[in-house]
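This briefing goes with the sequence and structure shown below. Please read it with the model open beside the text.

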Amino acid sequence: MTPRQAMLRGAFALGMFSLVTAGSVALTRAVTAERIDDHQRAYQHRQLQEVLPAILKDMAVQTVLDSAFQLPNPEQLGHREPQYGWHVEHDHQQVVILPVVTRQGYNGEIRLLVGIDQQQRITGVRVTQHQETPGLGDDIERQRSDWITEFNGLSLNSLPPGGWAVRKDGGHFDAFTGATITPRAVVNAVQRALSYVTEHVTENAAEIELPITFEETTQ
């Protein structure tokens, strides 16, 4: 074999190896991306389930996630860019799930999901992201304490004037020992979510009319 032939054979082998490697990487990336997307959707579904009433908790993943609609005036819920909520409905039961952001936390942003039914009562609240101090402010997590469940069943008018505050401020809600700022931020955010729904219901309507009042979008 001449040196030229050996060089050509080596170049061909290297080219084939590059093609096979590139194809393998592309295939792995495609399979992994699909798997990651499935995991992300499943995780999001579990988060949404946490704030749904029992009658809606068993709805299919696709049904819940496909109920997304674009929020009008998302800045009222603390967002700086367009945002989606979810309108879940089954057997005459309606719940809107709102993502809310507050920047009043001790260590920055606190992100929540707030579920509100057609009577404008809270079906559940969960913190989805925060940077509060471990052992103090992280009691807003459901895994850490039951504090976040105090909102269940409340509407905007369930409490007297000034009730939507921590006890230290004369309100209804407990604060954490050594960590008043965190629960105060969450209470304010939940109250804002209830006020948001009140503002976006049909005037003088007894029930939330989400398909009419909110601009829905297809995903």
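The model is predicted. The protein chain has an average pLDDT of 82, and 73% of the residues score at least 70. Five strands form an open antiparallel sheet, and helix H3 packs on that sheet.

**Confidence**

- Among the elements of the protein chain, S5 has the highest mean pLDDT, at 96, and H4 the lowest, at 42.
- Over residues 202–219 the pLDDT stays under 50. The model still has 36 contacts beyond four places in sequence for residues 202–219.
- Where pLDDT is low, predicted coordinates should not be read in detail.

**The sheet and the helix on it**

- The strand order in the open sheet is S1-S2-S3-S4-S5, with antiparallel pairing.
- S1 and strand S5 (122–129) stand at the edges with a single partner strand each, so one side of each has no neighbour in the sheet.
- On average, neighbouring strands of this sheet are turned by 30° against each other, direction ignored.
- Strand S3 (residues 93–105) and strand S4 (residues 108–117) run antiparallel and are joined by nine bridges.
- Leu98 has Val114 in S4 as its bridge partner.
- H3 touches S3, S4 and S5, and the direction of H3 makes about 140° with that of S3.

**Nonpolar cores**

- The largest nonpolar core has 33 residues. Leu98, Leu112, Phe151, Trp164, Val186 and Val190 touch the most other members of this core.
- S3, S4, S5 and H3 are the elements that give two or more residues to this core. The largest share, nine residues, comes from H3.
- Leaving aside neighbours within four places in sequence, Phe151 is in contact with Ile122, Val125, Trp164, Phe173, Val186, Val187 and Val190.
- A second, separate core has 13 residues, including Leu48, Ala68, Trp86 and Leu113.
- In soluble globular proteins, nonpolar side chains tend to be buried together.

**Gly78**

- Gly78 is found in the loop between strand S1 (68–70) and strand S2 (84–90).
- Gly78 counts as buried because its relative accessible area is 10%, below the cut-off of 20%.
- Not counting residues up to four places away in sequence, Gly78 touches Val101, Arg103 and Arg192.
- Gly78 and Arg103 are 25 residues apart along the chain, and their C-alpha atoms are separated by 8.0 Å.

**Asp139**

- Asp139 lies in the loop between S5 and H3.
- Beyond neighbours within four places in sequence, Asp139 is in contact with Arg144, Ser145, Trp147 and Phe176.
- With Arg144 there is a polar contact, side chain to side chain, at 3.4 Å from Asp139.
- Asp139 and Thr182 are 43 residues apart in sequence, with 9.0 Å between their C-alpha atoms.

**His200**

- His200 is in the loop between helix H3 (181–199) and helix H4 (210–213).
- The relative accessibility of His200 is 9%, under the limit of 20%, so His200 counts as buried.
- The side chain of His200 reaches the backbone oxygen of Tyr196 at 2.8 Å.

Conventions. Residues are numbered from 1 along each chain as its sequence is written. This is a predicted model: local features need pLDDT of at least 70, side-chain atom pairs count only at pLDDT 80 or more; totals for chains, interfaces and linings use all residues. Side-chain values use heavy atoms; hydrogens and water are left out. Helices (H or I, at least four residues) and strands (E, at least two) are DSSP runs, numbered from the N terminus. Buried means under 20% relative accessible area, exposed over 50%, partly exposed in between (1.4 Å probe, protein chains only). A polar contact is a pair of N or O atoms within 3.5 Å; within protein, one must be able to donate a hydrogen and the other to accept it, and residues adjacent in sequence count only if both atoms are side-chain atoms. Contact means heavy atoms within 4.5 Å. Two strands pair if DSSP finds at least two bridges between them. Axes are lines fitted to C-alpha atoms, for helices over the stretch in contact, and angles run from 0 to 180 degrees between N-to-C directions. A nonpolar core is a set of buried Ala, Val, Leu, Ile, Met, Phe, Trp, Tyr and Cys residues joined through side-chain atoms within 4.5 Å. pLDDT is the predictor's confidence in each residue, from 0 to 100.
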